[in-house]
Amino acid sequence: MIYLDYAATTPLAPEALAAMQPYLADVFANPASDHGPGRKAKKAVEGARAQVASLIGASAEEIIWTSGATEANNLAIKGVLEFRGLDNAHIVTSKTEHKCVLDTCRHLESQHGARGLRVTYLKPGADGCVTAQQVIDALTPQTVLVSLMWVSNELGTINEVEKLAPLLRERGVLFHVDAVQAAGKLVIDLATTPIDLLSLSAHKIYGPKGIGALFVRKRPRARVAPQLHGGGHEQGMRSGTLAPHQCVGMGAAFALAATRLVDDAAYIAALRDRLWMRLQALPRVHRNGTGAVAPHVLNVSFEGVEGEALRAMLPTLAVSSGSACSSATAEPSYVLRALGRSDALANASLRFSLGRATTEAQIDTAAQAVIDAVLWLRDISGETSTAAAAPVSDNAFDYPAPVWAQFVEASSNSGEFAPGTPGVQTVRVENRASASWLALHLRMRAGQVMEARFTAFGCPVGIAVGHWLAVQAVGKSAAELRTLSTAELRRTLEIPDDKLHCALMGEDALKSIVIQ
Amino acid sequence: MPAYLDHNATTPVDPRVVEAMLPYLTGPYGNPSSLHRFGRAARDGVERARAQVAALLGAQPQEVVWTSGGTEANNLALKGLCIGKPQGRVLYGATEHPAVMEAAESLKRDGWGVEKIVLTCDGLIDWTVFTDQCQAGPVRVASLMAANNETGVIQDTARAASLVHAGGGWLHVDATQAAGKLPLSFTGSGADLLTLSSHKLYGPKGIGALVVKAEVDLGPLLHGGAQERGLRGGTENLPAIVGFGAAAELAMLELEGRTAHVLALQQQLEVGLHAMPAVTLFGTQAKRLANTTQFALAGWDGEALLMHLDRKGYAVSSGSACASGSGEPSHVLLAMGVDATTAKGAVRVSFGKGNTADEVTGFLSALVDFAGQGR
């Protein structure tokens, strides 16, 4: 397994784990307790706070611990709006923000839209970046907050936050930056960049999960209303018992990032460029996000393949088809759609994100696996006939065994007959909702199928249906084929309910066969 | 090695829990929301732990929503039930944890009627008053703790539930201190929503849960991502979740042994305290947790006594760690009708499974010394 999903989460650095272990053992007290063990825990928490501050050019008292970046983003946006007043307030953000920023903004709109609260969602340019000028142009006298990510988690593109920060400061508009993908990858110096609030996560830079922080500037003071009440921890901005093992883990990870940033960035960017160079051996591939980019992300769309089938063929690669937080919903990436990619192309995209442990050999293996998979799928759809070998792969996504067996064999009878082959009847059906299609190519003689082939564009189930029908068709008459029911097809291949449309396509194809 | 007698503030992580967490700290585990194999291995760990935590209460795994801890769970329960809904009444016990009190009070700003539930001098619900309160108008939610963090007093939440439900409201039970110390059943507690915290039962800090019945119309507090049925966005804190699961399982298996152990220490302590002339014990007329004793030593300010005990190597508390250092008398004791001077003298001892009889003996003799010195 090759892990190329460092933008989703990173392994814990050994240095961070070592820092954490004493706090899972002897040093366990509640840092809010006013006794010896409690004070010892508090001291560790404060040391870690200084380490986090140091990486971004802030001071320790400007760091507010949270349970992660989602909470930090929620606290920043809702906290500012509640503190400043929700009536007629205006927020500027972008369509390519992390889901938690977008969800928070939509929640505020739905709750307080009647009170005049409005949000402007900027669309990035074709290069994937939001410019400072775009933001300035969107400001109104009511704008209280701009929330923009420094680096896009899906594209790796860098927004013009450094250019934008002083412009917003001049205009008295608060500036919140989601720096989850920027911290540890780019130099961040808040001493010279007038950002008011900045969100950080530990587990994206080799620290533990379950901890993050919000930078809240002291001078000039940014104010946020607390979102978690009780006990008044964290200067009243965020209550709840602190977890010292997680704080020190984040501190150690940030201290490590400070020493490694320059070398890591150079190493990882070189591997990322190597990966892109290799993938360009394929025709019709597109890089998403061509502007200024952070070192660790490469997002590529592959024409002529279906996304789910592509992922199914890459069981040895841990890559993402968008943000992990939205991949569970299996919708095409809203970020890629915002860039103007079609649903089909957005769906057939992979985000590779690289990290410290990535090697050249892994990159070369990964690139070859992707190339083989794309070529094979393009053969299945009849787009090419490179006779690419079926990449033998394991059923990592747990398709029903009969489906998987048909799928891996599919290239044995895919493709069309040579033009001019006598007696060929082709039936083609499509399913608009899933943008997939299936074609059966039947060489008939005296009403009987002598030979059958298929072409298909779709998920592994759709391809399995095509292959199975082509095998079944041989020796049968058109009339016999038309009686084959969806139910039988579903039973034989054990097609699950959510893939019913694939079985229906199969039946529709059979029903379309003309009895001659 | 100082004697740690402050287990209601937090507990050490059980070494077996750390053992369970380590593979998830060091191994190739991904983001549980990722579809690839690393992600799914992580998801399996999360779901196993969910079943373990549910089992502690006899609840259904799908009723468990992970949070960053008890504070977030309490905030989620109260605000998640109220924000964006037509304003109504919110009731909470006068001795609740600040996370419940302040979350409830924050709803006033949105036009909610927020009322305290009056308690008797034993820290128990005054049923006559509470019945009237529940009947005075529709209730959206009432929040009560199963066991108090300072006094250890155990509340009859099941009885409260019938009154709250009759008033059309949901009952939220903060079981942060009760879980792992009492046999606890989600349905038996009468709760519709119930708060749990991992670090009070020998699990890691930074993780908790809100157990919620399916029919409760709860909204999210943290927006972003579809995690936790849309009720709580954010990447799951995988090692902590696994640790919480392991801790919950151990708590269930070892409940009897742990209870018997701390009960013996509590009895030893309280026999010693009763023998001292200047000591007042709180909440003794009610059923209490077997590990918790709160008392005051006449003539001593709690903070000062704490400092002296700390120097002698005894870590105890004057009340909630979340309110420590404020210098204010315990709101819990004030709500029980204790006068401010006595309340300011309060000290809480909370035992854990690692404490010994020798530690209690030493602690008592230190107290006798101080009592002799006077203030």
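Reader: Which residue just after H6(B) takes a positive phi?
Author: That's B:Gly168, with a phi of about 80°. Bear in mind that this is a predicted model, and the angle is computed from it.

Reader: Why is H4(B) called mostly covered?
Author: Because a residue needs 20 or more other C-beta atoms within 10 Å to be buried, and 8 of the 9 residues of H4(B) are buried. They are B:Pro98, B:Ala99, B:Val100, B:Met101, B:Glu102, B:Ala103, B:Ala104 and B:Ser106.

Reader: What covers those buried residues of H4(B)?
Author: The cover includes H3, S3, S4, S5 and S6 of chain B. Helix H4 (residues 98-106) lies across strand S3 (89-93), S4, strand S5 (139-145) and strand S6 (170-174) of chain B. Its direction is at about 160° to S3(B).

Reader: How do you know that H3(B) and H4(B) meet, and which residues are involved?
Author: Contact here asks for C-beta atoms within 7 Å. On the side of H3(B), the residues are B:Gly70, B:Thr71, B:Asn74, B:Asn75, B:Leu78 and B:Lys79. They meet B:Ala99, B:Val100, B:Ala103 and B:Ala104 in H4(B). By class, that contact has 5 nonpolar, 4 polar and 1 charged residues.

Reader: What is the handedness of the crossing of H3(B) and H4(B)?
Author: The crossing is right-handed. The axes of helix H3 (residues 70-82) and H4(B) come within 9 Å and cross at roughly 30°.

Reader: Why are S2 and S4 of chain B said to stand at the edges?
Author: Look at the open sheet of 7 strands, ordered S2-S8-S7-S6-S5-S3-S4 in chain B with mixed pairing. Strand S2 (64-67) and strand S4 (113-117) each have a single partner strand, so one side of each is left without a neighbour in the sheet. From one strand to the next, the twist averages 20°.

Reader: How do you know that S7(B) and S8(B) pair?
Author: Pairing takes at least two bridges. Strand S7 (residues 193-197) and strand S8 (residues 208-212) of chain B are joined by 5 bridges and run antiparallel, so by the rule of at least two bridges they pair. In one of these, B:Leu196 has B:Ala209 as its partner.

Reader: Moving to chain A, why is S3(A) called largely enclosed?
Author: Because 4 of the 5 residues of strand S3 (residues 90-94) are buried, the rest of the structure largely encloses it. Over 3 bridges, S3(A) pairs in the parallel sense with strand S5 (residues 143-149) of chain A, where A:Ile91 has A:Leu145 as its bridge partner. With strand S4 (residues 118-122), S3(A) pairs over 5 bridges, again in the parallel sense. There A:His90 is partnered by A:Arg118.

Reader: Which residues have the most contacts inside the largest nonpolar core?
Author: They are A:Leu200, A:Phe215, A:Ala253, A:Leu310, A:Val465, B:Leu78 and B:Val211, in a core of 283 residues. Take A:Ala253: leaving aside neighbours within four places in sequence, it is in contact with A:Ala13, A:Ala16, A:Ala202, A:Ile205, A:Tyr206 and A:Gly207.

Reader: And how many residues does each chain bring to the contact between A and B?
Author: Chain A brings 55 residues and chain B brings 59. On the side of chain A, the largest share, 6 residues, comes from H4(A). That side divides into 22 nonpolar, 27 polar and 6 charged residues.

Terms used:
Residues are numbered from 1 along each chain as its sequence is written. Chains are lettered from A and ligands numbered from 1 in the order in which they are written. This is a predicted model: local features need pLDDT of at least 70, side-chain atom pairs count only at pLDDT 80 or more; totals for chains, interfaces and linings use all residues. Two residues are in contact if their C-beta atoms, placed from the backbone, lie within 7 Å. Helices (H or I, at least four residues) and strands (E, at least two) are DSSP runs, numbered from the N terminus. Ala, Val, Leu, Ile, Met, Phe, Trp, Tyr, Cys and Pro count as nonpolar, Asp, Glu, Lys and Arg as charged, and the others, Gly among them, as polar. Axes are lines fitted to C-alpha atoms, for helices over the stretch in contact, and angles run from 0 to 180 degrees between N-to-C directions. A crossing is left-handed if the near helix is turned anticlockwise from the far one by less than a right angle, and right-handed if clockwise. A nonpolar core is a set of buried Ala, Val, Leu, Ile, Met, Phe, Trp, Tyr and Cys residues joined through C-beta atoms within 7 Å. A residue is buried if 20 or more other C-beta atoms lie within 10 Å of its own, exposed if 12 or fewer, and partly exposed in between; C-beta atoms are placed from the backbone.
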